Amino acid sequence: MARHTPPVTEMKLGRVASPSTYLAMIAIDAEAIAAYGGTDWDDAKQQDVGDCGRAHAQLQRRKFTLKVGDATGVLAEIGGCGMADIYRFGTALVIPEHYTGDDDAEAEAMFERVIATHPTTKPVKLGTVDVPSGVLVLKGLFEPGTKVSPAKAKRGPVVLADGLAVAVPPGKFDVWTERFKKEPEGAWGSMSSRTRIVPAGTKLKEGAPIAELPSAPTPKPGKATKGERRIALANPPWFATGAMAIADDGRAFAGECGTAHRVCAWNADGTFAWQTSVGPVEGKSPSPLLQLVGDELIVRPYYGDKLVVLDARTGKRKRQLTLPARGSDVLVVGKQIVLRPSHEIMIASYPALVECARFAELYVSMSGIALAPDTRSFAAIGHQVHVFDLAKRKHLRTWSPASKRSLWAATYTPDGKVVTGDDEATVEIRDPATGKLLATIDAAPSRSSKPAISAIAASSKYIAAGRLDGCVALIDRAKQRVVRELDKHHVALPDTGATFLAGVAFGKDGSLWVSAGPKKAPVGLTRYVLDQ
């Protein structure tokens, strides 16, 4: 007898969060799922991994009780801007319009409270979806209009190319959305709107919270870590520090994330030296990239095709160049400059900026261009690591990370090894001459959810891996493991809720610098004297 395949019904609900984001909800029986190849699909293993994979595994076993943490549900891809969290409070699933800061556990806990306790503001009902099987699939759309489409039934195996299955009790669910005229804000950022999925017939009362929670505990003041010294601007006009550069004599330079694109300098004793602006730029953009070349500070604003050269001693502008291509990365080495226009690598003369070589066939997706200690070669990262001979302007070799994850940062050790960090806190060390893997190190051994490594640096003794949770993992190269974790280096971006850690660097004296200052004075740097 032929096996019965339950139908799949899909309902497009219209705009949910941002003006360009729409949501489709699918009521689907687990038996109708033939495959799920979401964002965590591992080509090598031919299986789902991470949260998406665990959700799929639950579906395959027909267990619909997936739960992550005490309040968080599962990840869902809503629109095309990134991963949005679904929070579970009682019988309600809640999707906030917010760039999640869940790499920072403390900020995420505060954010969860705001999601649950913020008063309901003029909710609008988008529609009702019938979920007979206990599995709900959410999909982000870019379709115009806000009208509710009629449900469409499909029979037979269904391949889900995006979206994520969420475990819910079988039944009918109402979908409500609300936008906040006055956005709730906190250390975690701000929240523009909130979408709620609740059992059909649930009454939403304006002014009422989603859930009643006990009072939040009062946070204890942080203590300085051993060997720590912080420098920051008094009454800073900036809202976040991004990239930095450290001179051999101990002078420090930092760049602002924001429209003015300010650059600040401190003397070797930590006293303020100078500040200047290389902006304006569009929006609250990431920090300009900084590179010290002798007595010149090369400043690359993140957007556009401008390159500004400052006198590192005074901050005065020496000249401004127009680059031959737009792109966020630059590396000046003698009379040559390495650029990353789009997803390519280009080498040009400096300062004439005449193109000398271009490598269009090698995909470079992230902001990692690392210079070898002898300055004759460099490495650039994308899905793979590409090594180039700078003197001969020639591509030497390419390798893929053993972790099969996306690479976010790269550097060289003083003895010429290539070090990379990926989006699940894995550090790899390789011989650039052969591509041979020398070591694989977990840079977040104390965490079950692995944050991405957004910045990395190496000395003769240590590797410093700056993670998106605001922690710098100090790795002993001889022991090949984390020996110290330096936390609370969060840089929060207002109006987004995102946090990041954009820079780590070792000084010539072996000290470690981190591109973040104390809370309430975020424009600054932290210096650690190690081995004390």
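How many bridges join strand 32 to strand 33, and in which direction do the two strands run? The answer is given below, under the sheet to which these strands belong.

## Basis of the report

This is a predicted model, in which local features need pLDDT of at least 70 and side-chain atom pairs count only at pLDDT 80 or more, while totals for chains, interfaces and linings use all residues. Residues are numbered from 1 along each chain as its sequence is written, and side-chain values use heavy atoms, with hydrogens and water left out.

## The protein as a whole

The protein contains 2 helices and 47 strands; these are DSSP runs numbered from the N terminus, with helices (H or I) of at least four residues and strands (E) of at least two. Of its 532 residues, 54% are buried, that is, under 20% relative accessible area with a 1.4 Å probe, counting protein chains only.

The accessible surface is about 24,300 Å², and carbon and sulfur atoms account for 52% of this surface; the areas come from the Shrake-Rupley method with a 1.4 Å probe. A contact means heavy atoms within 4.5 Å. Among contacts between residues at least 6 apart in sequence, 54% join residues at least 24 apart.

Four strands form an open sheet in the order 31-32-33-34, with antiparallel pairing. Its edges are strand 31 (369-371) and strand 34 (394-399), each of which pairs on one side only. From one strand to the next, the twist averages 20°, based on axes that are lines fitted to C-alpha atoms, with angles from 0 to 180 degrees between N-to-C directions. Two strands count as paired if DSSP finds at least two bridges between them.

Strand 32 (residues 377-381) and strand 33 (residues 385-389) run antiparallel and are joined by 5 bridges. Within this pairing, Ala379 has Val387 of strand 33 as its bridge partner.

Another open sheet of 4 strands has the order 19-20-21-22, and its pairing is antiparallel. Strand 19 and strand 22 (272-277) are the edge strands, each pairing on one side only. Neighbouring strands here are turned by 20° against each other on average, direction ignored.

## Gly250 and its surroundings

Gly250 lies in the loop between strand 19 (241-246) and strand 20 (252-256). Beyond its neighbours within four places in sequence, Gly250 is in contact with Asn267, Ala268 and Trp513. Gly250 and Gly507 are 257 residues apart in sequence, yet their C-alpha atoms are 7.0 Å apart in space.

Methods
Buried means under 20% relative accessible area, exposed over 50%, partly exposed in between (1.4 Å probe, protein chains only).
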